Amino acid sequence: MTFRFKLFKALTGINLFITGFFVMMNFASMLMGAFGQGLVSIVMFGGVFIHAILSAYLQRSLQDPSFTLKENTPGGIRIMGGYTILIGALMLLCAIAIFIVMNLDLKQVSSQITDEQREQLETIRSLRGAAMTMMQFVLFLYGASIITNALLSLSFLQQWKKKQEDDKHIDLDLDA
């Protein structure tokens, strides 16, 4: 196995685990009353989860030539791959937005308060800064992970299609 294929397998597994966790959390939040927010999140993460499942089928087909993909799987990988890239880009944009606006509101407030309140504000700023930096890091890694996995799946899908076409040509030559 090449490094790219090992990376593809690892990212697919990681994305299945993380995205499955998010889907289950959002399903639980829907059951607790946050129906609208949970439904939107399930649709968002569900597409990434479906793409990871389809990628796992593609991996199995590439490793085991006797395993055939369903007729609609290649199209599903392409469609869900594009959707997954959009969701990954959204995650990266959120990470950038956190970086840009992290301290804007605190700067506005700090000009209107006393020195004692300013010290408390600095404590809050440092705690919030650490939490926001961690969130930014997680969003960036997750976004990069799902984009990389989608691009690898599309690349391996092209290899799979080429292999299928070559096999058809061989079969046609043998029949002649």
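In the largest nonpolar core, which has 13 residues, Phe8, Leu58 and Phe156 touch the most other members. A nonpolar core here is a set of buried Ala, Val, Leu, Ile, Met, Phe, Trp, Tyr and Cys residues joined through side-chain atoms within 4.5 Å, and buried means under 20% relative accessible area with a 1.4 Å probe, protein chains only. At least two residues of this core come from each of α1, α2 (35-63), α3 (73-101) and α5; α5 gives the largest share, four residues. Helices are DSSP runs (H or I, at least four residues), numbered from the N terminus.

Before going on, a word on the model. It is a predicted one, where local features need pLDDT of at least 70, side-chain atom pairs count only at pLDDT 80 or more, and totals for chains, interfaces and linings use all residues. Residues are numbered from 1 along each chain as its sequence is written, and side-chain values use heavy atoms, with hydrogens and water left out.

Let us look at Phe156. Setting aside neighbours within four places in sequence, Phe156 is in contact (heavy atoms within 4.5 Å) with Arg4, Phe5, Phe8, Leu58 and Leu62. There is also a second, separate core of eleven residues, with Met91, Ile98, Leu139 and Tyr142 among them.

Now follow α1. The buried residues of α1 are Phe5, Phe8, Leu11, Thr12, Asn15, Thr19, Gly20, Val23, Asn26 and Met30. An α-helix has 3.6 residues a turn, so residues three or four places apart point the same way. Just after α1, Gly33 takes a positive phi of about 125°.

Over in helix α5 you will find Gln136, which is buried, with a relative accessible area of 17%. Beyond four places in sequence, Gln136 touches Ala95, Ile98, Phe99 and Met102.

Finally, the largest pocket is lined by Ile18, Phe22, Phe45, Met91, Met135, Val138, Leu139, Leu141 and Tyr142. A pocket is an open set of points on a 1 Å grid over the protein atoms alone, where a 1.4 Å probe fits, with protein on both sides within 12 Å along at least five of seven lines; lining residues have an atom within 4 Å of a point. α5 supplies the largest share of this lining, five residues.

Terms used: Buried < 20%, exposed > 50% of the residue type's maximum accessible area, 1.4 Å probe, protein only.
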